[in-house]
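Please look at the sequence and the structure shown below. The paragraphs after it may be read with both in view.

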Amino acid sequence: MDNILITGGAGFIGSNLANVLIKNKKNVTILDNFSRQGSRQNAAWLRSINSDINIVHADVRNFSDVKNAASGKDAIFHTAGQVAVTSSIMDPREDFEINALGTFNVLEAARKNDSTVIYCSTNKVYGSNVNDVSIEELPKRYEFSGDHRNGITEDFHIDAHHHTPYGVSKLVGEDVLFASDLIDLFIKEAESEKKIHGHVFNVGGGKKNTLSLIELMEQLKKISGIKISYTKDDWRAADQKVYYSDVSKAMSVFGWEPKVSPEEGIKALFDWTSENRSLFI
Ligand SMILES: NC(=O)c1ccc[n+]([C@@H]2O[C@H](COP(=O)([O-])OP(=O)(O)OC[C@H]3O[C@@H](n4cnc5c(N)ncnc54)[C@H](O)[C@@H]3O)[C@@H](O)[C@H]2O)c1
């Protein structure tokens, strides 16, 4: 696995992955339409790490561009996407074109090249079915109870009776996974000799690494000394009240486990943000 294409390579996951693959001496091409705020800075950061990186300014909706970028690649990591739930509800056509047609284009390009594809989905594919799982209310958090105590497994039903939009949301309780742990798993998957074609892995920090918004605010106060005041509002359309993945399949197949705890991850993110304040002004 030497020649690699990362769609959405200037995004959060894609640029972190590209950074690791560059350090592992792989030939990396990223394809991104730079629609995401900060994506140009991410691309410039990658260029500063390795001036040889191939950066393709293109859109996954354009098959010819995807096919050209995928030519000769051993593996494609597909991380490009329209990630906002709210946008998917306001403009479902654009969401469909980027996420469904874009993914089809990537798969079709991979088929022509016989490349391995690792694709990022989202817990939002389980939609509001997740809200039917019984939960236990603890003082600062909710947890799943009953059969789903350890989280949502890969066989959880996605044939929702409500909408299942795509993207990343602000959840009341969820598992958190530091980017380096996700990338460690991606590389294990791509290099695996095991027959995992077509397999789905629910990935996250798992039950051990869950965090509620209240707990997050408490940790931020501990790190920064700043008390965060908040008000409670109604659920937004498509919010999942609690979500965390049962990661036991990924753990047993790849011998993988998250190494960075939520506390360490939040501290690292806080320090990075403090050191890079200019990016947010
Ligand atoms: N970050 C998370 O916590 C998380 C959690 C669950 C799932 N995911 C999924 O992982 C994937 C990557 O997430 P991320 O956090 O890196 O998102 P991101 O928004 O940081 O990165 C996505 C990248 O795709 C690019 N992009 C968007 N539309 C495009 C298009 N039409 N053509 C080409 N490039 C396009 C954007 O410019 C951006 O650089 C997404 O599919 C997301 O739903 C992420």
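The following paragraphs treat confidence, domains and the ligand in turn.

Residues are numbered from 1 along each chain as its sequence is written. This is a predicted model, in which local features need pLDDT of at least 70 and side-chain atom pairs count only at pLDDT 80 or more, while totals for chains, interfaces and linings use all residues. The protein has a mean pLDDT (the predictor's confidence in each residue, from 0 to 100) of 91, and 95% of its residues reach 70 or more.

Domain bounds come from an automatic or database domain assignment. That assignment gives domain 1 (1–120) and domain 2 (122–281). Between their C-alpha centres lie 22 Å. Domain 1 brings 19 residues to the contact and domain 2 brings 16 residues; two residues are in contact if their C-beta atoms, placed from the backbone, lie within 7 Å. On the side of domain 1 that touches domain 2, α1 gives the most, with 4 residues. Helices (H or I, at least four residues) and strands (E, at least two) are DSSP runs, numbered from the N terminus.

Where does the ligand lie? Domain 1 and domain 2 both give residues to the shell around the ligand, so the ligand lies between them. Of the 26 residues around the ligand, Gly8, Gly11, Arg36, Gly81 and Cys120 come nearest; a residue counts as near if its C-beta atom, placed from the backbone, lies within 6 Å of the molecule. The largest share of this shell, 3 residues, is supplied by α1.
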